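Here's a quick briefing to read alongside the model. Grab the viewer and follow along.

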Amino acid sequence: MEKISRTKVADVLKRTDFGTIVNVKGWVRTRRGSKTVNFVALNDGSTIKNLQIVVDVNNFDENVLKDITTGACISVNGELVESQGEQNVELQCREIEVLGTCDATYPLQKKGHTMEFLREHANLRMRTNTFGAVFRIRHNMAMAIHSYFHKHGFFYLHTPLITASDCEGAGQMFQVTTMNLYDLKKDENGKIDYSNDFFARPTSLTVSGQLEGELGATALGSIYTFGPTFRAENSNTPRHLAEFWMIEPEVAFNDIIDNMDLAEDFIKYCIKWALDNCNDDLEFLNKFVDKTLFERLHFVLEHDFVRLKYTEGIKILEDAVAKGHKFEFPVYWGVDLASEHERYLVENHFKRPVILTDYPKEIKAFYMKLNEDGKTVRAMDVLFPQIGEIIGGSEREADYDKLMKRIEELHIPMKDMWWYLETRKWGSCPHSGFGLGFERLILFVTGMQNIRDVIPFPRTPNSADF
């Protein structure tokens, strides 16, 4: 087979220099035809669209053609010609080589597959149209995030994955150790002796980069983190993962209003990026996964977000209950709102995204700035249709004495947090930030229903197969 530099399918489909010989490589989606001519749909992952390869059966050895089955990997040299089909171009096959055969046991035959089935074959599911679209969009969202913060003068800060502190007491953590778990050394009180462990103290995988991010903000002004975080919660809901990615900007001198403005502008930028750069994939998902996808994306872009105090939100929900609306979970001042409550405010009452602020201090983290009423803190959650909370953040407590009082009230062990507290003693400044769960953003932008289907290899209870 003549050596010709490979051209990606996405690029071939844009070309109009008919008569040119090009090389494409990829995986066979389908092969159909008659005894004289076959049509091979080829995809290489660069686009959701397939390239049609027209094969004159009389010109090729039957032993070669029999291996061109669904899932097989092939290389084709062919003449670029104008097509009468859905695409503008197709290839008239001149030479063909099978790079990797695929027998009849290949799980992804041309038929519908459930999401559960595809999770069992996560090593192959990216080859499907749906998951190819999802993960191309995931890439684009990562590019949008870096683009937005770079344009706005933020610095990308890499915070540690291994930590000796628990940010906000956010759930069970995965412990990191080099000790032999079958022969743990203990002290005279029966407690584990960590003196011979790698870090000589208990350490875990991080649940958040926020605390370190605050250090960065008080030196560099505006920073953001973007990396994996871990929570060992035994939760099997469609909204939770044990390993997920977080984006956490932190900005010196921003108050809660600035924080809300940043969150709204940032997430709208990401959604517009998807609409501008992922149209083919979004069209597919809008047709086959969620027929309201485009409508919801434009819904967020075209509306200012409602700014609503928690107390007012509770009153709206209580009024809804009084008028006969049924919620699974109770509504009262002080409750940590469930997704159904958040979605009611967005989808039923305001019909716009909502930023809920000023939560009761009892249901929020120790580092959030206390309001003058002594009961609420300057927290903010961005609530979206279908998702509920997509962003959570706050203005941080910058006063050392007030922060220490809060820590003491909550009985938080801070012996390993001296480095965090010192920022409140030496040149403390007002600052704010928030966290966006990357997978929740991808859920919203793709219309997928389960968070396990927007990360390549999900980590959930009893599941770490791939």
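Contact here means heavy atoms within 4.5 Å. This is a predicted model, where local features need pLDDT of at least 70, side-chain atom pairs count only at pLDDT 80 or more, and totals for chains, interfaces and linings use all residues. Residues are numbered from 1 along each chain as its sequence is written, and side-chain values use heavy atoms, with hydrogens and water left out.

**Asn-23**
- You'll find Asn-23 in strand β1, residues 21-33 (strands are DSSP runs of E, at least two residues; helices are H or I, at least four; both are numbered from the N terminus).
- Asn-23 is buried, at 2% relative accessible area (buried means under 20%, with a 1.4 Å probe and protein chains only).
- Its side chain makes polar contacts with the side chains of Lys-25 (2.9 Å) and Ser-75 (3.0 Å); a polar contact is a pair of N or O atoms within 3.5 Å, and within protein one must be able to donate a hydrogen and the other to accept it, while residues adjacent in sequence count only if both atoms are side-chain atoms.
- Setting aside neighbours within four places in sequence, Asn-23 touches Met-1, Ile-4, Ser-5, Arg-6, Thr-7, Ser-75, Val-76 and Asn-77.

**Whole chain**
- The protein chain has 13 helices and 16 strands.
- Of its 466 residues, 50% count as buried.
- Take the contacts between residues at least 6 apart in sequence: 67% of them join residues at least 24 apart.
- Along the principal axes, the C-alpha atoms fill a box of roughly 85 × 60 × 45 Å.
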